[in-house]
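Me: I would like to go through a structure step by step. Could you show it to me before I start asking?

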Amino acid sequence: IPPSDADSLDYHLGAPIEILKNNRFLPRYDWLHYQLIGIGDFFNLFSLSLYSLNLPQLNNFFVLILLSLIFLNYCNTNNFNNVKFFILFIFSTPLILWLITSSKPQFFQTFLIFLSTYLVANNQINKKTIFVIIAFLAYAVVSKISFLIVAFYVYLLLFYISFKRKFFLSFVISSITILILLVLPFYLVNFIYYGDPLPPMFESFKSSPSEVKLMMQESIKTDTATFFTRESYSFWATPFLISIPVSLTNFTVYVGPTYFFGFMISIYILFISAKLRKVNFFDLVLIGLIISEYLFLVTLPNLQPRYFLAGYFVSFLLVAKYLSNYYLRSLYIILNSTIMIMVIGAAILSIYLYFPANFSKERLDKYYSFTAQNYDEIKWIEKKIGNDNLQIDNNIVLSQSTRSHALINYNFVSRQSFFSKLDSKSMFDFLEENNIDYLVFEYPLSQNYYQEILERCASKTFGIQRNKFKHAKRNPINSKNRRQYEILLIKNECKS
């Protein structure tokens, strides 16, 4: 299924498309989400260079198969008769429906974190494997900084094991090599162009911070991506809240019941181990990841269930090993079976509705019209610019809500750089300095001084073009709640 989620169409695909257009990487100071790209997004660049939108999704599907083989091997090796548990585990994760069809660099990177943890827990770390494991961890972190804590936890285990088993020199050499070849170059490029290795994370520490970037920083901190904003009690309830779907409208954000059971088993094992003063190394490694991930992520104001995916994978190993109580097993099977039916039903419905989009432009247009934010708006603007007999590469300022940069064929100036201006004078200056040809406003106008821009800058021959559109909805169950919005398109005559 072609990717249509907001982040994919904004910068996970939009940034690679921009790089291909320019035949090289160029910084974008107006497009703040462009500055968020990680090294994992260069796999999307590779995919697009092969004229494929679906290579990342195929990779995610391949990773799911590898994950399944690891879990089945784990059950067979330990004589756990838990194939039924495995089937329930794989198909009772609503989150996978979203991540497998997304271009977001998360599913593969989470698998690398899990695989590294699994190898450490199974004592398969030596001079030959330690370089690969550190490379896995570094790649995950440079792809998405949200992996930092779990990756650092595994890295500390590698530090301890290499020191104890007397191959610490290999650990140091591997770490320095990967730091020089993989980590530093990426962050150094960001620092050179944006003055921040992780824009906009360190913007507030600058002597003259950008107000727009500070707003972006705050937006990232509080963005829960359709997951509800938590209350103070949720610190303790989070393992349950992220596991059990309570709404069909955001069904695909939940990790599934296995995480809740794995978390509770972890607490139980820690309690018993404290009394007996003895714990299995394999269990300790897995529990350490779940607990360290939880203690860090639960404090974040932008907590989202997908951040707990590594803990979810690890939870299955504990559930398969320890969930022996008849009543708890029955509860686990009932919960997972219910959600599995919903997941399979949602998958079948999505394939029926959306898979044909791969086979014709007409079907792809229809698919994007329904699922991709601003798609109809972008196509309408292209048509209007074409009717104006001007080149499609003229600069245009997008409306306040336009994010699907990957679908845009004309040159654009991202919305934050213009609509963050707090008065008409600074807007006029911006239009003159940046040679803007067209402007797009949402209507009704959210600021009084936007009206002054319309009156002074709108071309009389082109006029004020106006149209209504519906917000996209990727969830077919939620299709009836597509809100309408209206935009104004003008040709700008306030140019230098």
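Predicted model: local features only at pLDDT ≥ 70, side-chain atom pairs only at ≥ 80, totals over all residues.

Me: At what angle do the axes of α7 and α15 cross, and within what distance do they come?

Reply: The axes of α7 and helix α15 (residues 309–322) cross at roughly 45° and come within 9 Å. That angle makes α7 oblique to α15.

Me: Which residues meet there, in α7 and in α15?

Reply: From α7, the residues are F107, T110, F111, I113, F114 and Y118. They meet L309, A310, F313, V314 and L317 in α15. By class, this contact of α7 with α15 holds ten nonpolar residues, one polar and no charged.

Me: Next, α7 and α14. Where do their axes stand, and at what angle do they cross?

Reply: The axes of α7 and helix α14 (residues 281–297) come within 8 Å, crossing at roughly 155°. An angle over 145 degrees counts as roughly antiparallel, so α7 is roughly antiparallel to α14. The crossing of α7 past α14 is right-handed.

Me: What residues are in that contact?

Reply: In α7 they are I113, T117, Y118, V120 and A121, and in α14 they are F281, F282, V285, L286 and L289. The contact of α7 with α14 has nine nonpolar residues, one polar and no charged.

Me: And α7 with α9: is that crossing left-handed or right-handed?

Reply: The crossing of α7 and α9 is left-handed. Helix α7 (residues 107–121) packs against helix α9 (residues 148–164) at an angle of about 25°, and their axes are 10 Å apart. The two helices are therefore roughly parallel.

Me: Which residues touch in this pair?

Reply: I113, S116, T117 and V120 of α7 meet V150, A151, V154, L157, L158 and I161 of α9. Eight of the residues in the contact of α7 with α9 are nonpolar, two are polar and none is charged.

Me: While we are on α9, is S162 buried or exposed?

Reply: S162, which is found in helix α9, has 0% relative accessibility and so counts as buried. Leaving out residues up to four places away in sequence, S162 touches I130, F167, F168 and F171.

Me: Change of topic. How many disulfides are there?

Reply: The count comes to one disulfide. C457 and C494 form it, with their sulfur atoms 2.1 Å apart. C457 lies in helix α21 (residues 448–457) and C494 in the segment after β5 (484–491), so the pair ties together parts that are 37 residues apart in sequence.

Me: Why is the disulfide of C457 and C494 called left-handed?

Reply: The torsion about the S-S bond of C457 and C494 is about -100°, so the disulfide is left-handed. Both C457 and C494 are buried.

Me: Now the backbone. Which peptide bond near omega 0° is cis?

Reply: The bond from P199 to P200 is cis, with omega near 0°. P200 is found in the loop between α10 (168–194) and α11 (211–222). The bond from Y443 to P444 is also cis, with omega near 5°, and P444 lies in the loop between β3 (438–443) and α21.

Me: What about phi of Y51 and N435?

Reply: Phi is positive in Y51, near 60°, and in N435, near 55°. Most residues other than glycine have a negative phi, and most peptide bonds are trans. Y51 is in the loop between α3 (41–49) and α4 (55–77), while N435 lies in the loop between α20 (424–433) and β3. With a relative accessible area of 80%, Y51 is exposed; N435, with 39%, is partly exposed.

Methods. Residues numbered from 1 in each chain as written. Heavy atoms only, no water. Disulfide = S-S within 2.5 Å. Helix = DSSP H or I, 4+ residues; strand = E, 2+ residues; numbered from the N terminus. Buried < 20%, exposed > 50% of the residue type's maximum accessible area, 1.4 Å probe, protein only. Axes fitted to C-alpha atoms, helices over the stretch in contact; angles between N-to-C directions. Parallel < 35°, antiparallel > 145°, perpendicular 65-115°, else oblique. Left-handed = near helix turned anticlockwise from the far one by under 90°. Contact = heavy atoms within 4.5 Å. Nonpolar A, V, L, I, M, F, W, Y, C, P; charged D, E, K, R; others polar.
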